[in-house]
Amino acid sequence: MSKGKLVVISGASGVGKGTVLGIMMNKRKDLKFSVSATTRDPRPSEINGVHYYFVTKERFEEMIASGEMLEYSAHNANYYGTPRAQAEEKMRSGSVLLDIEPNGAAQVKKAAPDAVLVFIMPPSMEELEKRLRGRGDTPEDQIAMRLKRAVWEMDQRHWYDHVVVNDSAERCAEEILKIIAD
């Protein structure tokens, strides 16, 4: 059985990662999405086990202590991470996409040096702020925190394998699909 590629997609909150990943998966049915675990509250449209595994802080810390996480980090006042067993299971049947932040990406690259790391940039900080505000589901204090974090995250792009600007979700998805073509 062939083993798929591990593909890390990173970018600041609001850059359009979810939209781009959706387009990619619609175009390539063989791609699998690794569902992350988080301690944040679900958004109204999010489904447990589909968008994230929503767990308590205590459960997440148990998963860290027992080695169940491929990678994890704390940001925006919550934990986020990839359950190891779920990612490994999906890789047995194809390439796996991970939507994770730079600290987690560095952990994945260390654990799996052949992973492909792609950083998605917004066209501008103004556009990023517009997208965050346009969601209509993010409190003002969270928007401020995410914009501040975005500056740090974008500074990390230099050590990624590829950097792609999301000025059009369709174009961005096509560019990433070319990068990861088997």
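Helix axes are lines fitted to C-alpha atoms over the stretch in contact, and the angle between two of them runs from 0 to 180 degrees between N-to-C directions. With that in hand, here are some close-up views of this predicted model.

**View 1. Helices α5 and α6 pack against each other at an angle of about 145°.** Helix α5 spans residues 125-135 and helix α6 spans residues 140-155, and their axes lie 11 Å apart. The crossing of this pair is right-handed. From α5, the contact is made by Met125, Leu128, Glu129, Leu132, Arg133 and Arg135. Helix α6 contributes Glu140, Ile143, Arg146, Leu147, Ala150, Val151 and Met154. Sorted by class, the contact has eight nonpolar and five charged residues, with no polar ones.

**View 2. Glu153 is a buried residue of helix α6.** Look along α6 for Glu153, which is placed in this helix. Its relative accessibility is 5%, so Glu153 counts as buried, the cut-off being under 20%. Setting aside residues up to four places away in sequence, Glu153 touches Gly11, Ala12 and Ser13, and also Glu101, Pro102 and Phe119.

**View 3. Strand β6 pairs with both β3 and β5.** Strand β6 covers residues 78-83, and because six of its six residues are buried, the strand is largely enclosed by the rest of the structure. Strand β3 (residues 37-38) runs antiparallel to β6 and is joined to it by two bridges. To find this pairing, look for Ala37, whose bridge partner in β6 is Gly81. Strand β5 (residues 69-75) also pairs with β6 in the antiparallel sense, here over six bridges. One landmark for this pairing is Met69, which has Pro83 as its bridge partner in β6.

**View 4. The hairpin of β5 and β6 has two residues between its strands.**

**View 5. Thr39 makes side-chain links to Asn78 and Tyr79.** Thr39 lies in the loop between β3 and β4, the latter being residues 53-54. With 15% relative accessibility, Thr39 counts as buried, since the cut-off is under 20%. What joins the side chains of Thr39 and Asn78? You will find a polar contact of 3.3 Å between them. The side chain of Thr39 also reaches the backbone nitrogen of Tyr79, at 2.8 Å. Leaving out neighbours within four places in sequence, the residues in contact with Thr39 are Val55, Thr56, Lys57, Phe60, Asn78 and Tyr79.

Key
Residues are numbered from 1 along each chain as its sequence is written. This is a predicted model: local features need pLDDT of at least 70, side-chain atom pairs count only at pLDDT 80 or more; totals for chains, interfaces and linings use all residues. Side-chain values use heavy atoms; hydrogens and water are left out. Helices (H or I, at least four residues) and strands (E, at least two) are DSSP runs, numbered from the N terminus. A crossing is left-handed if the near helix is turned anticlockwise from the far one by less than a right angle, and right-handed if clockwise. Contact means heavy atoms within 4.5 Å. Ala, Val, Leu, Ile, Met, Phe, Trp, Tyr, Cys and Pro count as nonpolar, Asp, Glu, Lys and Arg as charged, and the others, Gly among them, as polar. Buried means under 20% relative accessible area, exposed over 50%, partly exposed in between (1.4 Å probe, protein chains only). Two strands pair if DSSP finds at least two bridges between them. A polar contact is a pair of N or O atoms within 3.5 Å; within protein, one must be able to donate a hydrogen and the other to accept it, and residues adjacent in sequence count only if both atoms are side-chain atoms.
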